[in-house]
Amino acid sequence: MSAKTKYTDEAIGPVKVIPDFLPPPEELVFKEDTVKVTIALSRESVEFFKREARKHDTQYQKMIRRLLDAYTAAHSKAT
């Protein structure tokens, strides 16, 4: 990012209004439908997720759950 941006007072051309596509806050706060399970994972995997969770200031269980959700979504579309 060493190149400097030059701004001018030129016309910007036709403006296109984009409809608001963001959901309202009440739609962002939802409780996921979860099921508690007991699973044995390798120590290496758990340590990996714990390390990554600390780096990103989140919970390692949430990272594992999102990974499984992404896997499920990708493979559900394929079938």
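Which residues form a nonpolar patch on the surface?

## Surface patch

The model is predicted. In it, a nonpolar patch on the surface is formed by Val35, Val37, Ile39 and Leu41. Together these residues have about 430 Å² of accessible area.

Val35 sits in the loop between helix H1 (25–28) and H2. The relative accessible area of Val35 is 69%, and exposed means over 50%, so Val35 counts as exposed.

## Largest pocket

Two members of the patch, Val37 and Ile39, also belong to the lining of the largest pocket. This pocket holds about 630 Å³ of space. Its lining is made up of 16 residues. Those nearest the pocket centre are Val37, Ile39, Gln61, Ile64 and Arg65.

Helices H2 and H3 (60–78) each provide at least two residues of the lining. The most comes from H3, which contributes seven residues. Sorted by class, the lining has ten nonpolar residues, two polar residues and four charged residues.

How many salt bridges does the structure hold? There is one salt bridge in the structure. The side chains of Glu52 and Lys55 form this contact, with an N to O distance of 3.0 Å.

Ala53 is another residue of helix H2. With a relative accessible area of 3%, Ala53 is buried, since that value is under 20%.

Ala53 and Ile64 are eleven residues apart along the chain. The C-alpha atoms of the two residues are separated by 9.9 Å. Ile64 is one of the residues that lie nearest the centre of the largest pocket.

How values were computed
Residues numbered from 1 in each chain as written. Predicted model: local features only at pLDDT ≥ 70, side-chain atom pairs only at ≥ 80, totals over all residues. Heavy atoms only, no water. Salt bridge = Lys/Arg side-chain N within 4 Å of Asp/Glu carboxyl O. 1 Å grid on protein atoms, 1.4 Å probe; cavity = no way out; pocket = protein on both sides within 12 Å on 5 of 7 lines; lining within 4 Å. Points joined across faces, edges and corners; volume = space filled by probe spheres on them. Helix = DSSP H or I, 4+ residues; strand = E, 2+ residues; numbered from the N terminus. Nonpolar A, V, L, I, M, F, W, Y, C, P; charged D, E, K, R; others polar. Patch = residues over 30% accessible without salt bridge, like charges linked within 9 Å, V, L, I, M, F, W, Y side chains within 5 Å. Areas by Shrake-Rupley, 256 points an atom, 1.4 Å probe, with all protein chains shown as cover. Buried < 20%, exposed > 50% of the residue type's maximum accessible area, 1.4 Å probe, protein only.
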